[in-house]
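Here are my notes on this one, as numbered points. Have the model open while you read.

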Amino acid sequence: EEGRSLYQSERSSIYKRYLDQLTSMGLAYGHESGAIYFNTKLFAELFKDLLSVYSLTAKDVAMGDLLIDIRSTDPSASGNLTLKDFPVVRSNGEYLYNFCSPVDDGVMKVTHVVRDRGKLDLLSKQEMVRISLGFPPVLYAHTPILVDVFGKRFTHDPDWGDATLQDFVQKGILQEGLISYLLSTLFGPSEHTYATIDEFCLRLELSRLHAANTVFTPSVLLEH
C-alpha cells in the first residue's frame, strides 16, 4: 500500500511463518542464550552448489558482481575466517534486522534495494536468509558514503565538530549548500551544485554512482 510505513514490531506473524520454515530445515535453532540462531554451517552444506570457496555472488548496479564471503573473522583464532552462526531472533522474542530485511523484501516482491555501502558487511547474512527461504535475488545499489581521511564513516571533524546538520548550520553552512554537497558525493563531479532535489533526481543514473566513498573536503563544502 503506497504511502504506508512498515514497522517490524507489527509484522511478527509474518516473520514467524518464515522462521518456522528455517527451523523445519534445521537452519534456525534455539541458542543457550534464549535467542534463535541461523545455522551457517548447515547452509554451506545445503547450498554448496551456489558457493565458490565460501562465497556468494550478488549484483550491484554500480559495483558489478559482489563476491560475498559468508565466513566471519574469529577473534579467538588470530583473525582467521570461520563459519559462524548468527542470531535472527533476540532472547526477548524480537526479530532482528538481518532476518526481517530479506523477508520483507521477498514478501513485498522488492526488486531493487538502495542503501549505503556501510551495509555491505550485512549482505552475507541477508543473502543466506533470502536463499534459504527461496526468495528471488534483488539488484542492489550500494551508494557511496562520506568518510574521513582514514576511510572511516565521517562522524566528526576537528575543525567542524560533529557531522550533524545542527553543527554545520552553527558554523554558517546553509542547509541547501550542505544537501547539495552531500548529493555531489554520490554522483557526478564533486564541484557540481544541485539547486534542487528534482535536478539531482533527473540527472541520477544508479549505474554511474561513484565507485569509491568520498572523503570529507571542507573546501568543496564551502564552494557549495
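1. Helix α3 (97–107) gives the most residues to the lining of the largest pocket, 4 of them. Two other elements, β8 (112–116) and α4 (123–133), also give two or more. Helices here are DSSP runs of H or I with at least four residues, strands are runs of E with at least two, and numbering starts from the N terminus.

2. A caveat: this is a predicted model, so local features need pLDDT of at least 70 and side-chain atom pairs pLDDT 80 or more, while totals for chains, interfaces and linings use all residues. Residues count from 1 along each chain as its sequence is written, and side-chain values use heavy atoms, without hydrogens or water.

3. The largest pocket holds about 150 Å³ of space. Its lining has 17 residues, with D105, G106, R130, P136 and V138 nearest the centre. A pocket is an open set of points on a 1 Å grid over the protein atoms alone where a 1.4 Å probe fits, with protein on both sides within 12 Å along at least five of seven lines; lining residues have an atom within 4 Å of a point.

4. How do α1 and α3 pack? Helix α1 (residues 12–24) meets α3 at about 105°, with the axes 10 Å apart, so the two are roughly perpendicular (65 to 115 degrees). On the α1 side the contact (heavy atoms within 4.5 Å) uses I14, Y15, Y18, L19 and L22, and on the α3 side F99, C100, V103, D104 and V107.

5. There are 13 aromatic pairs in the whole structure (ring centres within 6.5 Å).

Key: Points joined across faces, edges and corners; volume = space filled by probe spheres on them. Axes fitted to C-alpha atoms, helices over the stretch in contact; angles between N-to-C directions. Parallel < 35°, antiparallel > 145°, perpendicular 65-115°, else oblique. Phe/Tyr/Trp six-rings, centres within 6.5 Å; stacked < 30°, edge-to-face > 60°.
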